[in-house]
Amino acid sequence: MENYSIIIFILAIVIGLSAFADKVKLPYPILLVIVGIAIGFIPSMGEIEINPEIIFLIFLPPLLYDASFNISPKDFKTNINTIGTLAISLVFLTTIGIAVVARYIIPGMTWPLSFVLGSILSATDAVAAISITKGLKLSHKTLTILEGESLINDASALVAYRFAVAAVMGSAFIIWKATLQFVLLLGGGFLVGFVMAKILSFILTRVHKNINVTISFMLLMPFVTYLIAENLHVSGVIAVVILGLAIARFSKKIFPESLKNQSRSLWDIIIFLLNGLIFILIGLNFRYILKDIDNDMILPYIGYAAIITVVALLIRMARIFLQKINLQKAFQNTKRKRKVSEHALLDFNNSIILSWSGMRGIVSLAIALGLPKLLQDGTPFPERTVIIFISVAVVLLTLIGQGLTLPFIVKKLNTKKVETTPLFK
């Protein structure tokens, strides 16, 4: 089957399964991943090679732009403390935690290789988290934190990944250089996003009466912004997020309601199809990654992936509950100049939901597949196949395991909340 035929075939499956998922009350990303795995084992199905650069360029900009465009700037600012904690400090904590576990349980893993694996699996995925939690009637605060975290944490994970790979290649890790590069990456991405938002605002002010031209510019700009930022060696992820946040504020002032509705409808269709393609591709690639692993090692590696999944979940849970305690203390501290808003506080329910919503997805898969095949001296990158297999296994375990159980957890917590709410106040 030719590649273009496969894409049409996959899109048809995405549309059909999404309708079926609604009827069986199953999150459609989970169903797509499972069906993707099944389709991958059809003998006549050819291998679809995923180019990580294409994934980052084609999938990330529109998905990030759409999520940041629709997030409330006010709510984002209110919860910025928690979002920053999860998107930056938790990413690095998870990298370290997974690296320590991998170093001592997986044969052949050196410290640099363990940190490569840790960095690949350190960030949650915006697409997975938002797609699976959609329709679960989560609180607005919980959704804002999940979306905000997923919008920023990719940049943190990519910095950790670059330094881990450099260490495997033979470069020395210097903490002040890593910190400086991280600041420059984020700061540069912010600047590019801000400048591109100003340029787009200038253009839209003059063409907003022409609906087709306006929507076309808004569709094109996330890709342009991402490419410019990456070519300047700053964070394309942050640049697109800033662009989305800025244009969201601008659009409220200038766009007529008809334009907003048309733009929203078009974006909904694009995001729906991209989401579907992503989850099917994750499933489809499992067979071809599996073939490079010795049969005797498949079960042990899946076991290691399960342990890493649990470790990542426990680290996330510990950090979120620590954040809950810290926010409560800061709120009660009357001596603080900048008092924490009551709306920023976390309760037990949203702490549990935030902890369980840390699914990995397409970004982890793309980073893993983007590992160099050769070192600088021409020798093969050590344990590359093992790292990719375990990464994909963790992605699948989090998507299917946490994704399938999350609706049950949310329902249980909401039931308890109703039972404990007094009838009369």
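In these legends, Ala, Val, Leu, Ile, Met, Phe, Trp, Tyr, Cys and Pro count as nonpolar, Asp, Glu, Lys and Arg as charged, and the others, Gly among them, as polar. The model is predicted, so that local features need pLDDT of at least 70 and side-chain atom pairs count only at pLDDT 80 or more, while totals for chains, interfaces and linings use all residues. Residues are numbered from 1 along each chain as its sequence is written, and side-chain values use heavy atoms, with hydrogens and water left out.

**View 1. The second largest cavity, with a volume of about 50 Å³.** A cavity is a set of points, on a 1 Å grid over the protein atoms alone, where a 1.4 Å probe fits but cannot get out, and lining residues have an atom within 4 Å of a point. Grid points are joined across faces, edges and corners, and a volume is the space filled by probe spheres set on the points. The lining is made up of L86, L90, V91, T94, S122, A123, T124, E149, N153, A312, R316 and R360. Helices α6, α9 and α15 each give two or more residues to this lining, and the largest share, four residues, comes from α6; helices here are DSSP runs (H or I, at least four residues), numbered from the N terminus. By class, the lining divides into five nonpolar, four polar and three charged residues.

**View 2. The largest cavity, with a volume of about 70 Å³.** Among the 13 residues that line this cavity, T309, A312, L313, G358 and R360 lie nearest its centre. The elements giving two or more residues to the lining are α15 (295-332) and α18, and α15 gives the most, with five residues. Six of the lining residues are nonpolar, five are polar and two are charged.

**View 3. The largest pocket, with a volume of about 1,200 Å³.** A pocket, unlike a cavity, is an open set of points with protein on both sides within 12 Å along at least five of seven lines. This pocket is lined by 43 residues, of which I130, S131, T133, K134 and G135 are the closest to its centre. Among the elements that give two or more residues to the lining are α1 (3-24), α8 (126-133) and α13 (257-284). The lining has 22 nonpolar, 10 polar and 11 charged residues.

**View 4. The second largest pocket, holding about 640 Å³ of space.** Of its 20 lining residues, F190, V241, I242, L245 and A246 are the closest to the centre. Two or more residues come from each of α5 (73-78), α6 (80-105), α10 (175-207) and α12 (236-254), with the largest share, eight residues, coming from α12. By class, 15 of the lining residues are nonpolar, two are polar and three are charged.

**View 5. The surroundings of L117 in the largest nonpolar core.** A nonpolar core is a set of buried Ala, Val, Leu, Ile, Met, Phe, Trp, Tyr and Cys residues joined through side-chain atoms within 4.5 Å, where buried means under 20% relative accessible area (1.4 Å probe, protein chains only). This core has 139 residues, and those with the most contacts inside it are L117 and I390. Helix α18 (residues 384-420) gives the most to the core, with 15 residues. Leaving aside neighbours within four places in sequence, L117 is in contact (heavy atoms within 4.5 Å) with I98, A102, I106, M109, I308, I387, I390 and S391.

How values were computed. Buried means under 20% relative accessible area, exposed over 50%, partly exposed in between (1.4 Å probe, protein chains only).
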